[in-house]
Amino acid sequence: MTATIHIITPVITEGIRSLDDVAPLAGKDLHFTHSLLEKGPSSIESEVDEALAVPGIMQAALAAEESGADAVIIDCMGDPGLKAARELVRIPVLGPAETSMHLAAMLGHKFSIVTVLDSVRPLLDDLARVYAVHDKLASIRVINIPVLEIEQRIAEVQDCLAEIALAAVEQDGADVIVLGCTGFLGCADAITERLESRGYSVPVIDPVPATVCVAQALVKAGLTHSSKTYPKPGPKSMAGLATFQG
């Protein structure tokens with residue numbers, strides 16, 4: 001079975017994500033398509049940013065299903081628009097935060113999230129509660145580097161991530177580390193190396209590859225979200241949003 005996974009990067013910033021980033025995950029039985037938003041925020045670091053991104057995410061999810069995608073991944077650890085997109089389409093829609101947190105809860109007793117800014121802490125803390133894993137959350141630590149500066153400061157980012165991950169293990173009791181921004185794609189190895197050099201064999205979850213694996217598994221298993229939990233919205237008057245009607 002060949003699966004096509006569509007990745008929605010829910011921002012307008014060109015170059016923040018490309019198919020080259022996920023090319024190592026592709027294969028003869030797994031293909032990727034990708035889209036950015038035409039309208040929305042340049043990055044997502046707050047509830048306002050998330051709200052601005054949701055209409056574009058819904059449009060992109062519908063377009064992905066119509067074009068034949070087998071699953072959708074929303075490329076942001078805030079999981080913006082996840083529930084709304086699941087109501088609109090019948091193919092699996094996955095959020096990296098939900099996926100990573102549940103995997104982390106499986107792999108250890110406690111997990112810590114290492115993310116970008118203090119403004120993101122409440123978002124991730126709330127998601128841990130919604131996903132019923134908050135009792136497994138040891139801590140949320142930040143590197144104080146904005147999303148749009150990650151690429152040009154990647155060496156500094158990796159060093160900071162490794163240091164705060166080590167602190168999460170030694171001071172907060174974390175058994176698993178979750179990278180709290182999909183912009184950290186590819187940074188897990190550097191963190192794992194630092195932890196192992198200090199004698200800690202601790203899983204480090206890179207949300208994008210982890211979510212891709214789960215999405216592919218759902219497609220292969222013929223599973224998707226429940227229409228009882230995520231019912232297709234019925235027709236109603238809604239100015240300017242006719243595209244979203246059931």
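Analyst: Start with Cys160. In this predicted model, Cys160 has a relative accessibility of 22% and counts as partly exposed. The cut-off for buried is under 20%, so Cys160 does not count as buried.

Now take Cys76. Its relative accessible area is 10%. That is under 20%, so Cys76 is buried.

For Cys76, the closest cysteine sulfur belongs to Cys181, 7.3 Å away. Cys160 is in no disulfide either. The nearest cysteine sulfur to Cys160 is that of Cys187, at 11 Å. The count of disulfides comes to zero.

Cys76 and Cys181 also turn up together elsewhere. Both are among the residues nearest the centre of the largest cavity, along with Ile44, Val147 and Thr182. In total, 22 residues line this cavity. Of these, 11 are nonpolar, seven polar and four charged. The volume of the largest cavity is about 250 Å³. A search of the whole structure finds one cavity of 30 Å³ or more.

Next come the pockets. The largest pocket holds about 450 Å³ of space. It has 21 lining residues. Nearest its centre lie Ile16, Arg17, Asp21, Glu151 and Gly183. Its lining divides into 10 nonpolar, six polar and five charged residues.

The second largest pocket has a volume of about 290 Å³. It is lined by 15 residues, and Arg86, Leu94, Glu98, Val214 and Leu218 are the closest to its centre. Helix α4 gives the most, with five residues. By class, the lining has eight nonpolar, five polar and two charged residues.

Thr99 has a relative accessible area of 9%. That is under the 20% cut-off, so Thr99 is buried. A polar atom of the Thr99 side chain lies 2.9 Å from the backbone oxygen of Gly95. What does Thr99 contact, leaving aside its neighbours within four places in sequence? The contacts are Leu94, Ala210, Thr211 and Val214. Of these, Leu94 and Val214 are also among the residues closest to the centre of the second largest pocket.

Methods
Residues numbered from 1 in each chain as written. Predicted model: local features only at pLDDT ≥ 70, side-chain atom pairs only at ≥ 80, totals over all residues. Heavy atoms only, no water. Buried < 20%, exposed > 50% of the residue type's maximum accessible area, 1.4 Å probe, protein only. Polar contact = N/O pair within 3.5 Å; in protein donor to acceptor, adjacent residues only side chain to side chain. Contact = heavy atoms within 4.5 Å. 1 Å grid on protein atoms, 1.4 Å probe; cavity = no way out; pocket = protein on both sides within 12 Å on 5 of 7 lines; lining within 4 Å. Points joined across faces, edges and corners; volume = space filled by probe spheres on them. Nonpolar A, V, L, I, M, F, W, Y, C, P; charged D, E, K, R; others polar. Disulfide = S-S within 2.5 Å. Helix = DSSP H or I, 4+ residues; strand = E, 2+ residues; numbered from the N terminus.
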